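Open the model in your viewer and keep the selection panel handy. We'll walk through it stop by stop.

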Amino acid sequence: MSKKVLILGGAGFIGFNVAKYLAKNRDYQLTIADNFMKKNRDAEFDSLVKDYNIHLIEADFSQAEAYDLLDNAYDQVYMMAALVGVDNANSMPHEVIRINTALTLFTLEWIRRSKIGKVVFASTSENYAGTVDTFGYAIPTPEEVPLTIKDIAHPRFTYAVTKILGESGFLNYAKMLGFETTIIRYHNVFGPRMGFNHVIPHLVIRFRNGENPYKIYGHDQTRDFCYITDAVEGTVLSMETAGTNGQIYHLGTGVEITIEELTRATGEMMGFAGEYTNAPTYPGSVSRRSPDITKSKKDLNFTAKVNWKDGLKETVEWYNAYFDAGKTVPHQIVFQ
Ligand SMILES: NC(=O)c1ccc[n+]([C@@H]2O[C@H](COP(=O)([O-])OP(=O)(O)OC[C@H]3O[C@@H](n4cnc5c(N)ncnc54)[C@H](O)[C@@H]3O)[C@@H](O)[C@H]2O)c1
């Protein structure tokens, strides 16, 4: 019998790719729920929905009534919906709090009155970034690190505040209500169709705009860039692997890249022949971030396969083709 799966936020970058993977590779009966707030309903999305007979529910799930549109039984729920991004947090922190808190609370309360097998909750490395910076915790950083909000009044931390609530909410409701849950913390997932509020599309747009000298914001900061196909595999493994109930997993590659390396590699792919100059980055942006992936390797048998430069090439080509076709950024973006 096929498994009944709900992807909440399934039009988003990761959710859509999880849907694509499940639709093509396995025996699942898929429902995608999303409000297309990112203006991300495109031809590729519509053809996936049509070709694989995916049930689509368009509604704002920060409103309690939207949950009446869902069935009351699913074997698996991927909880991907959120208002994401540093610039969103900086420009509308109250909306990040409202939307992400409502999504968590209403989903949990809907589960209380439904029959749900397992939920995978999409969380973030932002939850522990403050711990590493403030208290000097180990890098690469394992899952059991305490979570820290470095400055409770600063808008950029609203996102992590809501994701910490999400982790605690799913772990504790699961125990009390008897469904299974696994938390995954993504680390800079990237790839084609990732939206425009991310470092790589920002870099591409700025190269296309002819910036020279080209500023490298936070040149010596490091991140772990995980290509989308690897992130999808880790996500599905965290859902499908037995014995992972109540566990948290860091999904990443284990390879630490500086922003300078990323910028220069992107510039090379864009044929940039100008000068580079270093510039300061966002306040509150952590200097090093790298996950310890020992646990996900051991429990999930997860290893990222795509080299970051190969993934970057695919991504840069996708964005260049997008803009070469005369398409524009579908919504307002804020550059750092
Ligand atoms: N991409 C990353 O590197 C990364 C890193 C850490 C955590 N995450 C988490 O993973 C999840 C997926 O990330 P993503 O990059 O695909 O983000 P995304 O913004 O592309 O996808 C989120 C989706 O949720 C939908 N959504 C938002 N509010 C909604 C609402 N009220 N009702 C219905 N749908 C709503 C959006 O329309 C969007 O399609 C998010 O929860 C995010 O916080 C992502």
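In what order do the strands of the open sheet run? Colour by secondary structure and read across: β3-β2-β1-β4-β5-β6-β11, seven strands with parallel pairing. Helices (H or I, at least four residues) and strands (E, at least two) are DSSP runs numbered from the N terminus, and two strands pair if DSSP finds at least two bridges between them. Now pick out the edges, β3 (55-58) and β11 (247-251), each of which pairs on one side only. Neighbouring strands of this sheet are turned by 20° against each other on average, direction ignored; the axes behind that angle are lines fitted to C-alpha atoms (for helices, over the stretch in contact), and angles run from 0 to 180 degrees between N-to-C directions.

Before zooming in, some housekeeping. This is a predicted model, where local features need pLDDT of at least 70 and side-chain atom pairs count only at pLDDT 80 or more, while totals for chains, interfaces and linings use all residues. Numbering starts from 1 along each chain as its sequence is written, and side-chain values use heavy atoms, with hydrogens and water left out.

**Stop 1: β1 and its neighbours**

Select residues 3-8, which are β1, together with residues 28-34, which are β2: the two pair in the parallel sense over six bridges. Show Leu 8 and look across to Ala 33, its bridge partner in β2. Trace the chain from β1 through α1 to β2 and you follow a right-handed β-α-β crossover. Right-handed here means that, with the strands pointing away from the viewer, the path from the first strand over the helix to the second runs clockwise.

Keep going to β5, which pairs with β4 in the parallel sense over six bridges; Val 77 is partnered with Val 119 in β5.

**Stop 2**

Ile 32 stands opposite Leu 56 in β3. Here is another right-handed β-α-β unit, made of β2, helix α2 (residues 43-51) and β3. In the loop between α2 and β3, click on Asn 53. Phi of Asn 53 is near 55°, a positive value in a residue other than glycine. Most residues other than glycine have a negative phi, and most peptide bonds are trans.

**Stop 3: the ligand**

Which residues come nearest to the ligand? Of the 28 residues around the ligand, they are Ile 14, Asp 34, Lys 38, Tyr 159 and Lys 163, where "near" means a heavy atom within 4 Å. Colour the shell by class and you get 16 nonpolar, eight polar and four charged residues. Nonpolar covers Ala, Val, Leu, Ile, Met, Phe, Trp, Tyr, Cys and Pro, charged covers Asp, Glu, Lys and Arg, and the others, Gly among them, count as polar.

Now look for polar contacts (pairs of N or O atoms within 3.5 Å). An N or O atom in the Asp 34 side chain sits 2.6 Å from a ligand oxygen. On the backbone side, an N or O atom of Phe 13 lies 2.9 Å from an oxygen atom of the ligand, and a polar backbone atom of Met 80 is 2.9 Å from a ligand oxygen. Taken alone the ligand exposes 820 Å², and the protein buries 97% of that (Shrake-Rupley areas with a 1.4 Å probe). Elements giving two or more residues to the shell are α1 (13-25), β5 (115-124) and α6 (158-177); β5 gives the most, with three.

**Stop 4: two cis bonds**

Go to the loop between α5 (126-135) and α6 and find Pro 140. The peptide bond from Ile 139 to Pro 140 is cis, with omega near -5°. Then jump to Pro 213, in the loop between α7 (199-208) and β8 (214-217). A cis peptide bond joins Asn 212 and Pro 213, with omega about 0°.

Key. A polar contact is a pair of N or O atoms within 3.5 Å; within protein, one must be able to donate a hydrogen and the other to accept it, and residues adjacent in sequence count only if both atoms are side-chain atoms.
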